[in-house]
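Dear colleague,

Please find below the structure that I am handing over to you. My notes on it follow directly after.

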Amino acid sequence: MRRKVVSLLLVATIVMGTMVGCSTSQQKNAGKDVQTEGNTEAGDVDPSLVNTELSGEITQWVWGDYEIRGAADFNKYYPNIKVNYVSIPSDEYEQKILTTVATGGELPDVINIESAARGQISNMDILERLDAEPYNLKVDDMLPIGIPLVTNTKGEIVSVQVDNCVGGYAYDRNLAKKYFGTDDPEEMEKMFQTLDDYVEKSKIVGESGEDYMFASVDDAYSAVSPLFADEAFVTDGKLTMDNSILPTYEFIEKLVANKAVGPYVEWTPAWYTSFASNHVVFYQAPAWFISFMMKPNDPDSVGKWGFITPPGGGFSNGGTSYGIPKGAKEENKELAWTYINWLTMSQEGAESFYKAHATPTLYAPAYDTDLYAGEPDPYFGGQNVTAKIMEISQNVNTKARPVTTYDLTIKDSNAQSMRYLELGVSAAEAYARLKAEVLDMAPDLSE
């Protein structure tokens, strides 16, 4: 999902004149190197952490400046490793990888793997295994929630996700007070313990004829589907979505009947305006969503938003992982791993990434430091949202759904199902259509 988020955000932020973070990168045409002017001076870095022995150049295909900013401090620690970022259009990225593999072309030393395509690429046997020699990823240093997101069907870890995409629900405090009588986060959490609570309260919102519980059926799906993460969408060649997608559809069907979902289709221009519209109560809000979606698209709000734990404890949604293609240059694989491991699995990488994006990495030891202590955020009425996300991240009930080869196919089919539900088609019928379409596109699967 993030590849779409980043590309659209670049447009949105230009239009609004609001920059997310500070970047000195100057992006060229797609397919060309992205020139950067980051601070590569060691500065106050502990000299014992600086490695000048490793040297060379590696290439990473990217779809935005996420890594350029997040890894801005890398050269302070590895001054002789140059990372050449090559920009690929976001909507062409996966196909670029697949075509290059099919034609025997040259892959970069590092590839980005967006969450929906993770399972497909992870199971193509084109990536180095990172939890074995010579890479020896320290799996115990990764938050447990990250492990199923980067593991293929053989049980091998073949990429490392950089961002902790755990989140909660953001809500409009003004609308909460109007419809529920309180805007206090603790009171809101007591009021909204289950999905049935959201359905029941949505009746009041829907009756207004002008406000909505969620911005769209798509948003309701994004908020609820990740809560059902106990099993993958496909298990042993069979669709296993009855306990995840079906109850999500049933939830959406009830909201539609209550006229409590808005017309702002996710990722459309109208959707970007919905944050500042003052007509939507809830949004799913992983850490990245707050920095990349909410604040850029509703920049002038102070104290408008609140943040609560979702039903069941929490969820993980989205994310970008990094892998080393088996077809990458042999002499560069050590350098590529040094870069990936530093960014995703080191304290210094966690600090660099958090400084750029206000999003934690999945490096577990950093959670025992004060890096993510956070502070009161005026945007959220003085709530310490970072601390709340840390709480959710370490909640044993917060889970991430294992990835499968078919996730992207299911995601594409689900987009059409959202339009059915929007029109009032029943959850049972929309779900039956979804399964039929998936089976048609992936005939090797069964019910």
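Arg129 is partly exposed, with a relative accessibility of 36%; here buried means under 20% relative accessible area, exposed over 50%, and partly exposed in between, with a 1.4 Å probe and protein chains only. This is a predicted model, in which local features need pLDDT of at least 70 and side-chain atom pairs count only at pLDDT 80 or more, while totals for chains, interfaces and linings use all residues. Residues are numbered from 1 along each chain as its sequence is written, and side-chain values use heavy atoms, with hydrogens and water left out.

Arg129 belongs to the loop between helix 5 (118–122) and strand 5 (160–161). Helices (H or I, at least four residues) and strands (E, at least two) are DSSP runs, numbered from the N terminus. The side chains of Arg129 and Asp131 are joined by a polar contact of 2.8 Å. Such a contact is a pair of N or O atoms within 3.5 Å; within protein, one must be able to donate a hydrogen and the other to accept it, and residues adjacent in sequence count only if both atoms are side-chain atoms. Leaving aside residues up to four places away in sequence, Arg129 touches Tyr135, Glu156, Ile157 and Val158, where contact means heavy atoms within 4.5 Å. Val158 is 29 residues from Arg129 in sequence, yet their C-alpha atoms are 4.7 Å apart.

The loop between helix 5 and strand 5 also holds Pro134. The peptide bond from Glu133 to Pro134 is cis, with omega near 0°.

**Backbone exceptions**

Most residues other than glycine have a negative phi, and most peptide bonds are trans. Two further residues deserve a note in this context. Lys259, in the loop between helix 10 (245–257) and helix 11 (269–274), has a positive phi near 55° and is exposed at 64% relative accessibility. Asn278 lies in the loop between helix 11 and strand 10 (280–286); its phi is positive, at about 65°, and its relative accessibility of 41% makes it partly exposed.

Thr338 sits in helix 13 (residues 333–344) and is buried, at 11% relative accessible area. Its contacts, not counting residues up to four places away in sequence, are Leu54, Phe74, Tyr78 and Ile81. A polar atom of the Thr338 side chain lies 2.8 Å from the backbone oxygen of Glu334.

Helix 15 (residues 385–393) is mostly covered, with seven of its nine residues buried. These are Val385, Thr386, Lys388, Ile389, Met390, Ile392 and Ser393. Their cover includes strand 6 (166–172), helix 7 (185–191), helix 12 (287–297), strand 11 (305–308) and helix 14 (347–357).

**The chain as a whole**

The chain has 17 helices and 13 strands. Its radius of gyration is 22 Å, close to the 22 Å that the globule rule gives for 447 residues, so the chain is as compact as a globular protein of that length; the radius is taken over C-alpha atoms, and the rule is 2.2 Å times the number of residues to the power 0.38. Along the principal axes, the C-alpha atoms fill a box of roughly 65 × 50 × 40 Å. Of the 447 residues, 57% are buried. Among contacts between residues at least 6 apart in sequence, 77% join residues at least 24 apart.

With kind regards
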